[in-house]
Amino acid sequence: QVQIVESGGGLVQPGGSLRLSCTASGFSLDYYTIAWFRQTPGKEHEGISCISTVHGNTNYADSVKGRFTISIDNAKTTVYLQMNNLKPEDTAVYSCAVDHPSLCEEFTPNIETSAFGSWGQGTQVTVSS
């Protein structure tokens, strides 16, 4: 059974850090783009970062560039999103999505979520003092 599970969310103070994990079970993350999206109530998903395990490239939304880092483990089963210097406006449900390896090259914050066929359930990140 193919499954994607996010973890690592929680409550953190402004300026703090969290590391989110996106773990695949039932398949390897080789030959895919793995992307992180976030969503707040009443708003569309915002694409914030992606990594292509074929081309090795990464991409970031301007809103998180320089603060967030995406990476993948050597076993190609888990993708991480290291989030530093968190701000209240980073509060959202963060979801991981997987699909074609070329998607990361054309990744933007407004990329259609329908381009990604496999999604996790999401993990809540709350940045508040």
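This is a predicted model: local features need pLDDT of at least 70, side-chain atom pairs count only at pLDDT 80 or more; totals for chains, interfaces and linings use all residues.
Q: Which parts of the chain does the pair Cys22 and Cys96 link, and how many residues apart are they?
A: Start with the bond itself: the sulfurs of Cys22 and Cys96 sit 1.9 Å apart, and they form a disulfide. Cys22 belongs to strand E3 (residues 18-25), while Cys96 belongs to strand E9 (residues 92-99). These are distant parts of the chain, and the separation is 74 residues.

Q: Is the link of Cys50 and Cys104 left-handed or right-handed?
A: Cys50 and Cys104 are joined by a disulfide, with an S to S distance of 2.1 Å. The angle about that S-S bond is 90 degrees, making the link right-handed.

Q: Why does the pair of Cys50 and Cys104 tie together parts that are apart in sequence?
A: Look at where each cysteine of this disulfide sits. Cys50 is in strand E5 (residues 46-52) and Cys104 is in the loop between E9 and strand E10 (118-119), so the parts tied together are 54 residues apart in sequence.

Q: What pattern do the disulfides of the protein follow?
A: The count comes to two disulfides. Cys22 pairs with Cys96, and Cys50 pairs with Cys104. Counting bonded cysteines along the chain, the pattern is 1-3, 2-4.

Q: Is Thr78 buried or exposed?
A: Thr78 lies in strand E8 (residues 78-83). Leaving aside neighbours within four places in sequence, its contacts include Cys22, Thr23 and Leu29. Its relative accessibility is 8%, and the cut-off is under 20%, so Thr78 counts as buried.

Notes: Residues are numbered from 1 along each chain as its sequence is written. Side-chain values use heavy atoms; hydrogens and water are left out. Helices (H or I, at least four residues) and strands (E, at least two) are DSSP runs, numbered from the N terminus. Buried means under 20% relative accessible area, exposed over 50%, partly exposed in between (1.4 Å probe, protein chains only). Contact means heavy atoms within 4.5 Å. A disulfide is a pair of cysteine sulfur atoms within 2.5 Å.
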